[in-house]
Amino acid sequence: MYSRDSWGGPLEINATDSATEDERSRNLQDVDRAALSRPLDETQQSWLLGPGEQKKKKYVDLGCIIVSRKIFKWTLGTVLFAAFLAGLIALIVNTVPRHRHKHPPPDNYTLALHKALMFFNAQRSGKLPKHNNVSWRGNSGMQDGKSSDHSAAIKDLVGGYYDAGDAIKFNFPASFSITMLSWSVIEYSAKYEAAGELEHVKEIIKWGTDYFLKSFNSTADTITTLAAQVGLGDTSGGDSPNDHYCWMRPEDMDYDRPVTECHSCSDLAAEMAAALASASIVFKDNKAYSKKLVHGATTLFKFSREQRGRYSAGSSEASIFYNSTSYWDEYVWGGAWMYFATGNSSYLKLATAPGLAKHAGAFWGGPDYGVLSWDNKLAGAQVLLSRLRLFLSPGYPYEEILRTFHNQTSIIMCSYLPVFTSFNRTKGGLIQLNHGRPQPLQYVVNAAFLAALYSDYLDAADTPGWYCGPNFFSTDVLRSFAKSQIDYILGNNPRKMSYVVGFGNHYPKHVHHRGASVPKNKIKYSCKGGWKWRDTSKPNPNTIVGAMVAGPDKHDGFHDVRTNYNYTEPTLAGNAGLVAALVALSGDKGTSIDKNTIFSAVPP
């Protein structure tokens, strides 16, 4: 007889087998032990066990994977519990009254920054963008540079910025303004971003650099001519209509606006090169535009070196309004920016040449030593090159002169502190960097920027402070100085007057500014017809938001009188320094400077 073997093969049973029942039982036990000497899978176990004796499966087949039944149960339970818990939390959130955690309100420096940048919108010349956001301004100066009174290389000078309360475009202080704005963006782009102003300030910079590229043949490698100015302001020649004699809205100008050119203007060309070079770092992500700016800067700096001379020496206009005392400081300043923009060591070699520094006044001090302005950039250049030593330390052959600049920067910072007597202060605490002369604020904001910036440099270099002689001062002292000066400008002064228009409740209402003082009422006032708006005691009909006026006198006195520009006139250069100082002090102190962006083009 044949039967089915439970292991899968036939099993023959011999009926005549004489083995006893005990022997068969013993043999089966031996077979069991042999079979179970190796592990059996579940299928094999099921064969050995009867139908009612099968073990419960330990695994669950999910189709794509097989998982342990225990793990499966835990996972399923966890998911269901999490879903229940999420639903419970959602129910609680929807039923319990909400208490929203508001972000802390912006600090005064950030609030003032928003306004200070708007001043540049109000100063724009040319065809204005739709989002200019100054309701009383319109297109103006649309024929600038299109006459035949200048070289053929300059075909169009529409655009740029009006300098102050007039409609003249002075390229020397305007270039310095754009350089200062670019420097502040390179160092504090994160703070501009946090304030929501990064794109705005970049637009402001580009409006200036686009215009500068028109002021010479920017596609050429070599030039012989540069536009220095559009419009005239000298009224000593009689009653000829010009930008100072006439008092009218820029949109209504109908008089000639001649172009002043220069052929030997090292200071102007080097400063304009600094503006384009620094802006090329701001726009480094726009490679085509950045490259265009670098090429223009290279052409300008070459021109500044080949055609030596002060731009104001051959111009009565420039010598009256923006006289340049030297071009050596622009060589150091412009050379430093050219090095950062290109990485070309020949520019660093020039900027650190001891002879150049000596001519710039780096070694002899003087009453204006350490005062950064549109005329003298030496203090800014020294801080900029100290930065190079702190973070990159290029070593020989630059180390000796860089160490000298670094030491001089420390001396400059010491001179800003109240414990030293380099500069007097008003009773209200305003430092007198121009020694009591009018229009002090433009110098104060530049010093506040340098102090806050150098403080941040030292912090980023893990340096707690610096020495003034034997005395050690912490970086907080520098920042306190910067804050005290900006706080004075924003209203913490004996008159409780904010010198930034539109900030606070008490600010100048009679700003020396044609566009702000002549109403936009569809009436075109003639050159002399607008004089009544100049001379009226009524407040300006248009608020020029963010304009920092010239400032108080050395006794903290201020006269809010439109005809006295020494008190009430704002300028591009002044507001550029203000913006730089405000962004340096704004926001969270934990937001440090950008240590590396300025070195993007510098080789390792």
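Buried residues, those under 20% relative accessible area with a 1.4 Å probe and protein chains only, make up 52% of the chain's 604 residues. This is a predicted model: local features need pLDDT of at least 70, side-chain atom pairs count only at pLDDT 80 or more, and totals for chains, interfaces and linings use all residues. Numbering runs from 1 along each chain as its sequence is written, and side-chain values use heavy atoms, without hydrogens and water.

**Whole chain**
- The chain has 20 helices and nine strands, taken as DSSP runs (helices H or I, at least four residues; strands E, at least two) and numbered from the N terminus.
- Of the contacts (heavy atoms within 4.5 Å) with a separation of 6 or more, 72% join residues 24 or more positions apart.

**Largest pocket**
- The largest pocket has a volume of about 1200 Å³.
- A pocket here is an open set of points on a 1 Å grid where a 1.4 Å probe fits, with protein on both sides within 12 Å along at least five of seven lines; lining residues have an atom within 4 Å of a point.
- Its lining has 47 residues, and Phe 321, Tyr 322, Trp 374, Gln 442 and Tyr 443 are the closest to the centre.
- Helices α9 (316-321), α13 (378-391) and α15 (441-460) each give two or more residues to this lining.

**Helix α14**
- Helix α14 (residues 399-416) has 18 residues and reaches 26 Å from first C-alpha to last.
- That is close to the 26 Å expected, which is 1.5 Å times one less than the number of residues.
- Its buried residues include Ile 401, Leu 402, Phe 405, His 406 and Tyr 416.

Definitions and conventions:
Points joined across faces, edges and corners; volume = space filled by probe spheres on them. Buried < 20%, exposed > 50% of the residue type's maximum accessible area, 1.4 Å probe, protein only.
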